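Work through the exercises below with the structure open beside you. Try each task before you read its solution.

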Amino acid sequence: MSALAAPLTAAPRRIEPLGALLTLAGALALTWLPFVLVKANRIVPGTPLGVGAALPPAVAGGLIVLLVGAAAVGLCVGAPRVRLLAALTALAGLALAVGLAGSLLTPGGNRVVRVAPGGAFWVVLVCLGLLATDALTRLRPRPLVRVLALGLLLGIVVAALASGWFDHLSILREYAVNAARFAQELRRHVLLAFGSLLAAALVGLPLGILCHRVPRLRPGVLGTLNVIQTIPAIALFGILMAPLGALAGGFPALQRLGVSGIGAAPAVVALFLYSLLPIVANTASGLARVSRAAVDAARGMGMTHWQVLRGIELRLALPVIITGVRVVLVQNIGMVTVAALIGGGGLGTFVFQGIGQTAIDLVLLGAIPTVALAFSSAVLLDALAETLERR
Amino acid sequence: MKHGPLLLRGLALLLLVSFVIAPQRFAPLFAPLTQYGAPPIYDQGNLLTLTLAHLGTVCLAAAASTLIAVALAILVTRQSGRAFLPLSRTLVNIGQTFPPVAVLAITVPLVGFGEIPTLIALFAYGLLPIFENTLVGLQTLPPAVTEAADGMGLSARERLFSVELPLAMPLILEGIRLSLVINVGTATIGSTVAAKGLGEVIIAGLLSNNTAFILQGGLVTALMAVLLYEGMLAVERRLCRSVRTD
Amino acid sequence: MITIEHLAKQYGTKAVVEDVNLTIERNSIAVIVGTSGSGKSTLLRMINRLIEPSAGRVLIEGADTREEPAHLLRRRIGYAIQGHGLFPHRTVEENIATVPRLLKWPAARIAARVRELLEVFQLEPATYAHAFPHQLSGGQQQRVGVARALAAEPAVLLMDEPFGALDPIIRAKAQEDLLAIQRRYGTTIVLVTHDMDEAFRLGDRVAVMSNGRVLQFDTPAALLAHPADPLVTRMTGQTDRALRLLSLTTAGEIAAPGAVPGPTVSAAASLRDVLSELLWRGAEAASVTREDGTPCGHVSVAALLRHGRSP
């Protein structure tokens with residue numbers, strides 16, 4: 001309470017600019033955009049309903065009070081902890097409310113009617129998310145805290161989805177229909193992204209070390225990899241399809257291994273090629289920033305070449321190399337989506353199917369987990385790089 | 001050493017231009033890739049028109065991104081916009097974990113099919129590298145220079161336009177280059193939502209199982225991306241000869 | 001004893017070190033001094049084979065250094081360099097323990113040795129053992145660097161501009177400490193510097209290098225008295241050579257019996273410092289006292305003038 005009161009009395013006229021912007025956006029959205037859309041089936045445009053129409057009066061009132069409270073904190077309180085708490089509380093309330101709206105608006109036993117979160121829900125969600133993100137950024141959490149917070153968040157989201165409270169929302173309906181395929185495509189997505197990363201690391205690390213040791217090679221190798229990076233994913237997939245198809249046609253043994261012009265093979269090869277640049281470049285520049293004196297001292301004290309490389313050079317370059325791995329992983333997770341176009345599978349399958357059927361829920365079923373996957377990888381690897389850098 | 005790549009770029013440009021102007025001349029090259037007498041050269045639209053449309057979409061989106069991103073970066077580095085600085089940095093970090101496809105896919109249901117969702121997605125995704133680079137450029141100015149500018153009595157506005165922005169220019173241009181190259185790729189995917197562009201050729205190839213289409217769509221896009229990249233690099237070098245970034 | 005015979009290093013057609021012959025006595029400090037590019041670092045690095053010689057050989061206690069693998073040789077030779085070269089990801093303790101660990105000493109012996117060295121180098125173990133290099137001052141980092149070089153009790157210690165990055169006051173202290181440590185452990189030290197004052201202060205014998213050749217290897221006094229080459233005269237300082245000569249002798253060494261009125265100087269003070277003190281006070285002579293305060297005679301201006309004269 002004192003934390004709340006102190007800034008209010010100390011600086012009564014000071015209005016937080018970010019809070020003002022977010023409050024304005026949230027208020028406009030709640031006034032003009034629907035909270036939920038009720039659709040007769042998954043494709044037709046739905047009937048827009050505001051907060052008042054979608055929820056029982058008591059719940060709607062409660063939600064509004066919660067949102068106004070969060071807005072008040074966002075406008076007047078500077079302390080990041082308080083802001084974070086207010087944003088998270090309001091987010092929980094918002095989520096529970098939309099879940100409840102889904103259950104209430106779906107006629108019992110009806111599997112065709114879809115209740116989709118509307119524009120107001122999304123805008124308010126983003127506003128509260130921004131408020132929380134801003135507070136979290138200002139708190140400057142340590143790497144371990146960030147990882148724990150991410151784990152907690154993912155745990156809560158999974159538990160909430162498993163609880164059944166949200167089962168009547170359109171995205172989860174879409175999930176229920178595709179559950180088996182979802183698990184399969186998710187696995188495939190992760191496999192493609194990590195598999196190509198692993199292959200790129202196995203090749204890129206020695207190549208990076210080579211570029212560091214033989215500076216003459218550096219411009220040529222990095223220049224070539226740079227040109228490869230410039231080629232758009234879909235174009236590279238396409239270009240690779242022809243030779244891989246020919247290879248598979250020529251060598252039935254390869255075909256039995258799963259190599260073919262269509263499917264995972266061109267995707268893996270393309271992702272592998274894209275992944276090389278960040279790994280090679282970061283390995284080389286990570287090694288270049290290792291203190292020459294430390295390497296000289298290590299050799300002078302009688303470490304073998306291998307001991308110097310492993311114990312000193314690579315260890316000191318590791319944060320930079322991990323940063324490269326982060327870039328690759330985030331990039332790969334995004335690009336695997338495109339692989340669906342050439343039959344490579346992955347979550348992109350849902351995205352492109354959704355585009356084809358103009359079913360936004362199906363698009364979101366593919367897009368949201370992709371973003372979550374990329375985001376989680378980024379947080380984890382950033383934390384790892386920062387921890388290694390501190391030691 | 002220096003002329004080799006230049007020659008290579010000239011040849012690439014020549015190849016690209018002659019192919020999109022007179023694709024039929026290359027038909028014998030692509031014929032072996034087709035089966036059952038399918039056409040070796042894309043015949044459902046004019047390659048030149050598609051290429052120009054593709055380039056137009058990419059450049060329009062990049063121009064809009066540049067305007068907004070630079071303005072935003074200037075805003076958050078002024079005293080009045082400081083409150084937004086920490087958040088904007090985090091947002092750029094988070095934003096870059098969004099795959100371009102996801103941005104495109106989410107835009108379609110909101111605004112419908114055609115050019116518009118592609119433009120919006122390209123614009124939104126293109127903001128990130130430009131904003132980030134401008135921010136870095138404006139925040140890592142040598143303190144001696146900004147102090148000297150203040151010491152000479154430049155107004156805030158004069159300082160911004162005659163000191164800060166020119167010094168940040170190499171990084172801003174690099175951001176635009178990255179943004180352009182990403183856009184060329186993302187715009188291909190735009191064809192899945194009926195935007196006019198070279199993705200059409202690739203998708204047509206995928207649908208009709210015509211490797212020749214896929215290859216020519218892929219090659220034209222790849223050449224365009226590489227040439228744009230190299231071209232921007234040349235522009236950067238010309239414009240920023242006097243400004244050292246390090 | 002280190003014997004260097006006809007040692008040379010060529011890169012392509014460029015000779016960096018040419019036909020160097022030196023004998024460095026056990027338990028002494030040999031300083032190699034020269035301008036940058038004179039080949040002094042290359043010479044030093046050929047002793048532990050960080051650079052392989054093009055010709056000639058190095059013997060340590062009569063054994064050719066090429067008889068064992070280079071990395072095993074280096075573990076027996078201490079190595080300290082400018083800018084300390086500490087491993088930033090390892091604690092002070094881990095840094096010092098580097099070579100003992102490579103030699104697979106038992107953990108207890110390593111711990112005892114690290115502790116001993118920290119105390120010798122005036123680094124409180126409780127505070128510093130688990131600190132990281134970046135948490136130390138420049139002087140402390142340099143001390144850890146030397147402690148690390150001495151960790152495996154090497155008979156020979158090579159030092160490449162070890163004090164180059166220190167400011168003058170800390171540098172003087174570090175030089176004093178090095179002399180004390182050399183007396184304590186009896187290590188044979190080969191030290192490279194470009195600073196002639198440092199060379200004169202530390203070296204039992206000094207090798208003056210120029211263009212890859214050792215012009216002269218002799219005691220500091222002999223370098224001043226009998227320069228073998230005009231370049232040696234120039235490098236040892238033509239204008240202040242008398243003062244340099246004075247700086248090599250202490251007051252205690254030349255004190256004549258009997259006390260005199262006037263200022264008092266320490267027996268450990270160099271004649272150069274005594275002369276400066278007498279000039280400043282306008283006195284003709286000073287009494288000399290030992291460290292414990294007992295008188296040990298006097299030094300007169302006339303005696304100082306005799307000592308500064310060309311021998």
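Contact means heavy atoms within 4.5 Å. This is a predicted model, in which local features need pLDDT of at least 70 and side-chain atom pairs count only at pLDDT 80 or more, while totals for chains, interfaces and linings use all residues. Residues are numbered from 1 along each chain as its sequence is written, chains are lettered from A and ligands numbered from 1 in the order in which they are written, and side-chain values use heavy atoms, with hydrogens and water left out.

**Exercise 1. Which chains touch?**

Task: Find which pair of chains has the most contacts, and find which chains no contact joins.

Solution. 
- Step 1. Two pairs of chains touch, and chains A and B have the most contacts of the two.
- Step 2. Chain A also meets chain C: 17 residues of chain A are in contact with 23 residues of chain C.
- Step 3. Chains B and C share no contact, and their closest C-alpha atoms are 24 Å apart.

**Exercise 2. Chain A on its own**

Task: Describe the make-up of chain A, starting with how many helices and strands there are.

Solution. 
- Step 1. Count the elements. Helices (H or I, at least four residues) and strands (E, at least two) are DSSP runs, numbered from the N terminus. Chain A has 16 helices and three strands.
- Step 2. Take the extent. The C-alpha trace of chain A spans about 75 × 60 × 30 Å along its principal axes.
- Step 3. Check burial. Buried means under 20% relative accessible area, exposed over 50%, and partly exposed in between (1.4 Å probe, protein chains only). Of the 391 residues of chain A, 49% count as buried.
- Step 4. Look at sequence separation. Take the contacts in chain A between residues at least 6 apart in sequence; 78% of these join residues at least 24 apart.

**Exercise 3. Two domains in one chain**

Task: Locate the domains of chain A, then describe how domain 1 of chain A meets domain 2 of chain A.

Solution. 
- Step 1. Read the bounds, which come from an automatic or database domain assignment. Domain 1 covers 13–176, and domain 2 covers 179–247 + 257–390.
- Step 2. Count the contact. Domain 1 gives 16 residues and domain 2 gives 20.
- Step 3. Size the interface. Buried area is the accessible area (1.4 Å probe) that two parts lose on being put together, summed over both. The two domains bury about 1,600 Å² between them, with 64% of it on carbon and sulfur atoms. In domain 1, A:Pro143, A:Leu150 and A:Tyr175 lose the most area to domain 2, together 33% of what that side buries.
- Step 4. Find the charged pairs. A salt bridge is a side-chain nitrogen of Lys or Arg within 4 Å of a carboxyl oxygen of Asp or Glu. The rule finds two salt bridges across this interface.

**Exercise 4. Chain A against chain C**

Task: Describe the area, pairs and elements at the interface of chain A and chain C.

Solution. 
- Step 1. Chains A and C bury about 1,800 Å² between them, 60% of it on carbon and sulfur atoms.
- Step 2. The rule finds one salt bridge here. The side chains of A:Asp296 and C:Arg45 meet in a salt bridge, at 2.8 Å from N to O.
- Step 3. A polar contact is a pair of N or O atoms within 3.5 Å; within protein, one must be able to donate a hydrogen and the other to accept it, and residues adjacent in sequence count only if both atoms are side-chain atoms. Seven residue pairs are in polar contact across this interface, both at pLDDT 80 or more.
- Step 4. On the side of chain A, helix H13 (292–300) and helix H14 (305–339) give two or more residues. H13(A) supplies the largest share, seven residues.

**Exercise 5. Chain A against chain B**

Solution. 
- Step 1. Chains A and B bury about 3,300 Å² between them, 85% of it on carbon and sulfur atoms. A:Thr230, A:Ile234 and A:Ile355 supply 17% of the area that chain A buries against chain B, more than any other three residues.
- Step 2. Three residue pairs are in polar contact, both at pLDDT 80 or more.
- Step 3. Several helices of chain A give two or more residues, including helix H9 (217–230) and helix H10 (233–250).
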